[in-house]
Amino acid sequence: MIIAVRVTPRGGHDALIAGTTAHFAARLAAPPVEGAANAALIALIAKAFALPKRDVSLIAGQTARIKCLKLSGDPQRLAEIAAGLYAPAA
């Protein structure tokens with residue numbers, strides 16, 4: 001599965017939320033220097049999708065705000081988790 005994420009570095013704390021229909025939104029505490037924000041994003045995505053970090057790879061947007069990540073795993077389970085992130089809060 002490939003997802004797009006719009007990243008806001010130095011956002012105070014790490015959080016992944018629904019963004020637009022085109023991408024998720026992530027706030028990261030890490031600064032955008034020396035790959036720190038990218039590493040924090042990979043860790044955040046891995047945690048949100050219950051994957052080991054090795055199953056999350058940054059495939060595009062290394063220095064851009066919108067990044068594309070490839071998630072390896074059961075596509076149906078990953079799609080269910082992604083849909084759950086977009087579910088309205090109760």
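**Basis.** I note that this is a predicted model, in which local features need pLDDT of at least 70, side-chain atom pairs count only at pLDDT 80 or more, and totals for chains, interfaces and linings use all residues. Residues are numbered from 1 along each chain as its sequence is written, and side-chain values use heavy atoms, with hydrogens and water left out.

**Elements.** I recorded 2 helices and 5 strands in the protein, in the order β-β-β-α-β-β-α from the N terminus. Helices (H or I, at least four residues) and strands (E, at least two) are DSSP runs, numbered from the N terminus.

**Overall form.** I checked the radius of gyration, taken over C-alpha atoms, against the globule rule of 2.2 Å times the number of residues to the power 0.38. For 90 residues a compact globule would have a value near 12 Å, and the protein agrees, with 12 Å. Its C-alpha atoms fill a box of roughly 35 × 30 × 20 Å along the principal axes. Among contacts with a separation of 6 or more, 42% join residues 24 or more positions apart.

Of the 90 residues, 34% count as buried, that is, under 20% relative accessible area, against over 50% for exposed and in between for partly exposed (1.4 Å probe, protein chains only).

**Leucine 44.** I located this residue in helix 1. Leucine 44 counts as buried because its relative accessible area is 13%. Beyond four places in sequence, leucine 44 touches Asp14, Ala15, Leu16, Ala26, Arg27 and Leu28. Its C-alpha atom is separated by 19 Å from that of proline 75, 31 residues apart along the chain.

**Histidine 23.** I found this residue in the loop between strand 2 (15–18) and strand 3. Is histidine 23 buried or exposed? It counts as buried, because its relative accessibility is 14%. Not counting residues up to four places away in sequence, histidine 23 touches Ala4, Val5, Arg6, Ile66 and Tyr86.

How values were computed: Contact means heavy atoms within 4.5 Å.
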